[in-house]
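Reader: I'd like to talk through this one with you. Could you take me around it, a question at a time?

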Amino acid sequence: MSVVLDVENLKTYFHTEYGLVKAVDGVSFHINQGEIIGLVGESGCGKSVSILSVMQLIQSPGEIVDGKIMFEGQDLLQYEANGPQMRATRGRKMTMIFQEPMTSLNPVITICRQMTEILELHLDMDRHTARERAIELLRMVGVPDAASRIDDYPHQFSGGMRQRVMIAMAISCNPMIIFADEPTTAVDVTTQAQLLELMKDLVTRINTSLVIVTHNLGVVARYAQRIYVMYAGRIVESGPAEDIFDNPQHPYTIGLLDSVPRLGEKHGSKKLIPIYGLPPNLINMPPTCAFLPRCTYKTEKCEKEPWPALRSTGDNHYISCYVDVRGKQ
Amino acid sequence: MKEPDNDLMVEVKNLKMYFPITRGLLKRKVADVKAVDDISFYIKKHETLGLVGESGCGKTTTGRCILRLYQPTSGNIIFAGKDISNMREGKLKPLRSNMGAIFQDPFGSLNPRQIAGSIVGDPLKVHDMATGSELDDRVAELFQMVGLDPTMKDRVPHEFSGGQRQRIGVARALACRPSLVICDEPISALDVSIQAQIINLLEELQEKMGLTYLFIAHDLAVVQHISERVAVMYLGRIVEITTSEELYENPLHPYTKALFSAIPIPNPKIEKTRTHIVLKGEVPSPVNPPTGCHFHPRCHMAVEECSRERPPLRDIGGGHLVACIRV
Amino acid sequence: MSDDIETGETPADALGGEVALPKHSEWKRIVRVFFGRTLYVIGFVIVVILILTAIFAPWIATHDPYSTDLRHKLEQPSTEHWLGTDAVGRDTYSRIIYGTQISLLIGFSAVSASAIVGMLMGLAAAYFGGWVFAIIMRFTDALMALPGIILVLLIAGLAGGGIPVVIFALGFGGIAMMCRMMCGLALSVKQNDYVLAGRAMGMSHWRMMLTQIFPNAFPPLMVGITMGIGGVVLGEAGLSFLGIGVMPPTPSWGGMVNSGQAYLLKNPILSLAPGVAIMLLVFGFNMVGDGVRDAVDPKLRGVI
């Protein structure tokens, strides 16, 4: 399997009135061809900022301060954020699906025009071919009656259908990577199931890679091959999906899995085990592990040493923790 | 008809809540949004009834009807033995101190220009239950009860995190020591690691204060965890009601089954082996719902008869109620 | 997906809500934003100076603004009369100083009156909705359909001038705007769940309007109120210029511009000096209004 995207030591900081926020602080990850990746974490952990950085969509007061983003043998950070190379990459080779499709679709332009615009811009299609292709794409993503609905405006579609349109737009130029930022958070569970199933099918069909950014561990359990867990701007655990869920090793991942109720547990049979405390304030972080104040496995070493680097604990499984949790569970 | 039961906190009978859609200058009614379409259920004292369904199914409207934030179109709501469905606001006010409400959005449900202590004390002031130093003491006590530091009572909401704000919301709901609390999606706006804290808090408080909950949520796993009994709603109607365990072990309504299957389970092994029912199509509009059983156009078990008549919610034994003619 | 994707998120959103913000005072932030721009500070200083001038007029003025001296009429500026004297020999400088009192009195009274009445009406319309809303909105429609100046001229003309009449006329004209603004803001505030929470606990209408809706709808209105003062002072000057405003011999800037215009070529300072005073006041209040707008803008919260 060839590596499509390799991000190394990415750092994105925000200069706010309260101080410097290290939203992404030394994140490394890679994506293989045809792979589905899950990037999991709570709000504020830097998962969205990471992918926005890869797309170079960070706006002031944010700034990418360090790192390498290797894509097709080139470091994307060498390109200007709005330069011609980046514009040829973004929206064509790398595309994005947002959480709330209503804010990413232009409300006063028909679906047809919004879709053909991309095709004309990136693939040099003429209007007629582009329209035919757009209808075909809508059929692919399961919009019923695509040929007539293509001339509708975004508000005439339901939330789930708008998200399908977004998916159609994201795959329209046969991208190498699709980033989906909380793609199903704004829709209902049954619609979520439809959309996830659809995305999985499309990934195999057009042989692209998909990164699902989400706070919901369940969403990635079914489809992702590999998972990265982020906390406070860093990746704290990564590995093959089954391994992460079967054998979580970072105290934060363990906490996350324990704190969600499982289906079928008898009422009152088991209390949830929450993660106590709050996610850290990203300003003026101490050099020690950011999870330390909430950790139930901490040792003296954790209090003294800086935030640990990722270490391997077996087959492609990495954690950023000093403690060997396995013996203690 | 059964005898008036003293064990019941709330009894809802044939509740309908239609919102008119009006057009033009004269506000001519052109249609109704049938948000809640003839539902009946009860909540026993000290129990938690979960109300689950997708957005637009009428679960929030049901909660608001019980709180009498809406005037129901028809039907009866019997709260603690009194029919409140047509009660006037003046007579209703004393009863309101006996009902608490927790809202979904911890950002929108607290007045940003009011300090936390005053927010929590508001119900006590409204019902003249405490003044002066007694009020301060009671507020401090409430803060401690929900796990907040009472010294933070002079802060405004935006100085709290989402989880802390929801704790303020819980404290406000419990200020007058109500017996019934309507929890409308109390955790869905919170981060995963915080959700469990709030669920545990609600469970502890229920035990301590003998509360009765109506727990409204879209997440079946959460609802199942916290509730003794669960009601599943689809497009304004209840399609199935039973105990939490029975619902999981023996879901009967095809919609309940689909809902279970749609919930992602954080375990790839289970996920890859279990069968998935992916529903076709989308939830129809409550303005113009399908005839007969509302679910029939999306149902894989549907027969012709399903489109003709509304299936009654019938007991198939042991208090398991289901509205489907095919089971 | 096009290239110019707007994420539509402020950095605070992108960083997530769960990040516990450090305790900070919103008031301090407002002060910092406000005093961060030179123009706003200049406006603020002008307003403060004008208010101080009005309060300490007897000490700042060099002459009695009412005492006439026909031997020294229409004099050019001198060390005795800093800005010269008018047609009946009154000291122009002192009259401008005392005119500040009149302008601010009229400005503040008319705006407060229209703000109080307008805001109460707007609040009631938004809160109760239904026929209350319909009646109040039709009333403001009617008010707004009349050109403002005609309405004011009508009232002032019928009642025959004088300070109370000017305040009433200008204040009355401002009600519709205040009512509309309040109503719009209150309607959006009413959408919040905390209003629902208030209803669920049985809060009275008064308490709900005053503690829940008003405090959240008011800050953006402060802009309208501050700028309104400049507008009213301008209106008063216009009325007095036309001779139906503040009655002589009371020193009013508008009246002074009016009486000075006969000597515009020979003694231009008679009209120019009060004209400049009017301009400074309007500029000052407008700048303060702009500053308040920036400072209370929720979109800037957490950014600056």
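Author: Happy to, and keep in mind that this is a predicted model.

Reader: Which residues touch the most other members of the largest nonpolar core?

Author: That core holds 265 residues. Two of them touch the most other members, one in chain A and one in chain C. They are Val211(A) and Met182(C).

Reader: How does chain A compare with the radius of gyration of a compact globule?

Author: Chain A has 12 helices and 12 strands, and its C-alpha atoms fill a box of roughly 70 × 50 × 40 Å along the principal axes. For 329 residues, a compact globule would come out near 20 Å. Chain A agrees with that, since its radius of gyration is 21 Å.

Reader: And which helix gives the most to the side of chain A that touches chain B?

Author: The contact takes 39 residues from chain A and 39 residues from chain B. On the chain A side, α8 (189-206), α9 (217-223), α10 (241-246) and α11 (251-259) each supply at least two residues. The one that gives the most, with six residues, is α8(A).

Reader: How do the residues on that side of chain A divide by class?

Author: We're still on the side of chain A that touches chain B. Its residues divide into 17 nonpolar, 13 polar and nine charged.

Reader: Over to chain B: which helix gives the most to the side of domain 1 that touches domain 2?

Author: The assignment gives chain B a domain 1 (8-98 + 178-322) and a domain 2 (113-175), with 29 Å between their C-alpha centres. Where they meet, 12 residues of domain 1 are in contact with 10 residues of domain 2. On the domain 1 side, five residues come from one helix of chain B, residues 192-209, and that is α6.

Reader: What classes make up that side of domain 1 of chain B?

Author: This is the side of domain 1 that touches domain 2 in chain B. By class, it has nine nonpolar, two polar and one charged residues.

Conventions:
Residues are numbered from 1 along each chain as its sequence is written. Chains are lettered from A and ligands numbered from 1 in the order in which they are written. This is a predicted model: local features need pLDDT of at least 70, side-chain atom pairs count only at pLDDT 80 or more; totals for chains, interfaces and linings use all residues. A nonpolar core is a set of buried Ala, Val, Leu, Ile, Met, Phe, Trp, Tyr and Cys residues joined through C-beta atoms within 7 Å. A residue is buried if 20 or more other C-beta atoms lie within 10 Å of its own, exposed if 12 or fewer, and partly exposed in between; C-beta atoms are placed from the backbone. Domain bounds come from an automatic or database domain assignment. Two residues are in contact if their C-beta atoms, placed from the backbone, lie within 7 Å. Helices (H or I, at least four residues) and strands (E, at least two) are DSSP runs, numbered from the N terminus. Ala, Val, Leu, Ile, Met, Phe, Trp, Tyr, Cys and Pro count as nonpolar, Asp, Glu, Lys and Arg as charged, and the others, Gly among them, as polar. The radius of gyration is taken over C-alpha atoms; the globule rule is 2.2 Å times the number of residues to the power 0.38.
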